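Here is a short note to read with the model open beside it. Please take the points in order and find each residue as it comes up.

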Amino acid sequence: MSPAELKVTMSSGLLSFPVTDFNAAGDFRADTYIKRLEWLMPYGATVLFAAGGTGEFFSLTPADYTQVVKTAVDTCRGGVPIIAGAGGPTRQAIAYAQEAELLGAQGVLLLPHYLTEAGQEGLAAHVEAVCASVKFGVIIYNRGACRLQAETLLKLADRCPNLIGFKDGIGEIELMVTIRRKLGDRFAYLGGLPTAEVYAAAYKALGVPVYSSAVFNFIPKTAMDFYRAIAADDHATVGKLIDSFFLPYLEIRNRKPGYAVSIIKAGAKIVGHDAGPVRPPLVDLSADESAKLAALIHALGPQ
């Protein structure tokens with residue numbers, strides 16, 4: 001898939017990040033990861049992101065990364081495109097991006113570099129170096145230490161033909177409007193705040209109708225129903241699900257930092273697709289929190 005084709009593919013539909021399966025010792029489990037992908041594929045996500053944020057990219061070793069991305073590509077070949085996460089310092093991000101390309105992924109989501117602050121010139125050099133190192137499509141994730149401005153993105157768009165997507169994880173309306181208006185249709189735009197469904201209607205109004213759903217990992221039917229309701233401006237369905245599921249879900253998610261990932265793994269376990277524990281520094285939900293989540297899931301009905 002060429003970068004231009006990937007851009008078109010990502011410009012509509014629901015996207016998601018499969019969790020990464022670990023055993024009790026914290027080692028990658030390919031067998032259950034394969035079953036997870038085989039379960040999720042038929043529900044209709046446009047793209048799946050392997051080894052992304054919800055897939056705990058930040059805790060994977062290079063060997064883990066290769067196994068996860070290869071397993072996802074091999075399992076989903078002919079079914080749904082796989083975009084791999086890539087991040088960290090520039091040389092490391094390049095190594096991950098090149099490995100993903102070698103393994104047959106259709107592109108990479110360039111996650112924020114680690115820890116240190118950087119100005120626009122340095123961020124641009126980082127993104128440009130990664131784009132120049134591969135031929136397939138690159139999507140930038142504006143989040144955390146990576147906060148690109150519209151003028152910087154305009155320069156990168158000129159220099160990097162394979163930079164085809166922009167995912168917003170900051171949630172600053174003025175910045176998003178400026179980027180969307182100045183960059184026009186140069187990028188495919190994705191909403192990327194945690195529990196993106198809560199922001200989906202607002203982002204659609206900004207010209208960003210596509211988002212990535214983490215809850216797709218355990219309530220894929222509901223996630224697709226919600227996306228279709230957003231696309232159809234079905235405000236009644238959107239409001240009902242926000243009130244009955246997403247707001248009480250957020251109350252659990254917001255109890256501890258890192259629960260945005262932990263709660264997804266808890267949900268997968270509840271519905272019979274256990275992905276094992278999260279890796280440190282994350283922690284799993286308590287038994288009481290899992291029970292409250294189970295009640296919310298069961299109220300939604302069969303998936």
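**Notes on the barrel and its loops**

1. In this predicted model, eight strands form a closed barrel, running in the order β1-β2-β3-β4-β5-β6-β7-β8, and their pairing is parallel. Strands of a sheet are held to each other by backbone hydrogen bonds, in either a parallel or an antiparallel arrangement.

2. Two of the pairings can be followed residue by residue. Between β2 and strand β3 (residues 82–86) there are three bridges in the parallel sense, and Leu48 has Ile82 of β3 opposite. Strand β6 (residues 163–168) pairs with β7 over four bridges, also parallel. There, Asp168 stands opposite Gly191 in β7.

3. Which residues of β7 point one way and which the other? From this strand, residues 188–191, Ala188 and Leu190 point one way, while Tyr189 and Gly191 point the other way. All of them are buried. In a regular strand, side chains alternate between the two faces of the sheet.

4. As for the chain overall, it has 12 helices along with the eight strands. Along the principal axes, the C-alpha atoms fill a box of roughly 50 × 45 × 40 Å.

5. Some totals for the protein chain follow. Of its 303 residues, 54% are buried. Among contacts with a separation of 6 or more, 74% are between residues 24 or more positions apart. The accessible surface is about 12600 Å², and carbon and sulfur atoms account for 56% of that. The chain carries 28 positive and 29 negative charges, whose mean positions lie 1 Å apart.

6. Met41 sits in the loop between α2 (30–40) and β2 (47–50). Apart from residues up to four places away in sequence, Met41 touches Leu48, Thr75, Cys76, Gly79 and Val80. One of these, Gly79, is 38 residues from Met41 in sequence, yet their C-alpha atoms are 6.9 Å apart in space. Another, Leu48, is the residue opposite Ile82 in point 2.

7. The loop between β2 and α3 (62–76) contains Ala51. Ala51 is not a glycine, but its phi is positive, at about 55°. Glu56 belongs to the loop between β2 and α3 as well, and its phi, near 60°, is also a positive value in a residue other than glycine. How accessible is Ala51? Its relative accessible area is 0%, so Ala51 is buried. Glu56 is buried too, with a relative accessible area of 0%.

8. Arg279 is in the loop between α11 (259–270) and α12 (287–300). Its relative accessibility is 12%; this is under the 20% cut-off, so Arg279 counts as buried. With neighbours within four places in sequence left aside, the contacts of Arg279 are Phe22, Gly26, Asp27, Phe28, Glu56, Ser59, Leu60, Thr61 and Asp64. Glu56 in this list is the residue with positive phi from point 7. Arg279 and Phe58 are 221 residues apart in sequence, and the distance between their C-alpha atoms is 9.7 Å.

9. The loop between α11 and α12 also holds Pro281. The peptide bond joining Pro280 and Pro281 is cis, with omega about 15°.

10. Tyr259 is part of helix α11. Tyr259 has a relative accessible area of 1%, so this residue is buried. Its contacts, leaving out neighbours within four places in sequence, are Ile252, Arg253, Val283, Asp284, Leu285, Ser286 and Glu289. Tyr259 and Val278 are separated by 19 residues in sequence and by 9.9 Å in space, C-alpha to C-alpha.

Note on methods. Residues numbered from 1 in each chain as written. Predicted model: local features only at pLDDT ≥ 70, side-chain atom pairs only at ≥ 80, totals over all residues. Heavy atoms only, no water. Helix = DSSP H or I, 4+ residues; strand = E, 2+ residues; numbered from the N terminus. Buried < 20%, exposed > 50% of the residue type's maximum accessible area, 1.4 Å probe, protein only. Contact = heavy atoms within 4.5 Å. Areas by Shrake-Rupley, 256 points an atom, 1.4 Å probe, with all protein chains shown as cover. Lys, Arg positive; Asp, Glu negative; His and termini not counted. Charge placed at Lys NZ, Arg CZ, Asp CG, Glu CD. Pairing = 2+ DSSP bridges.
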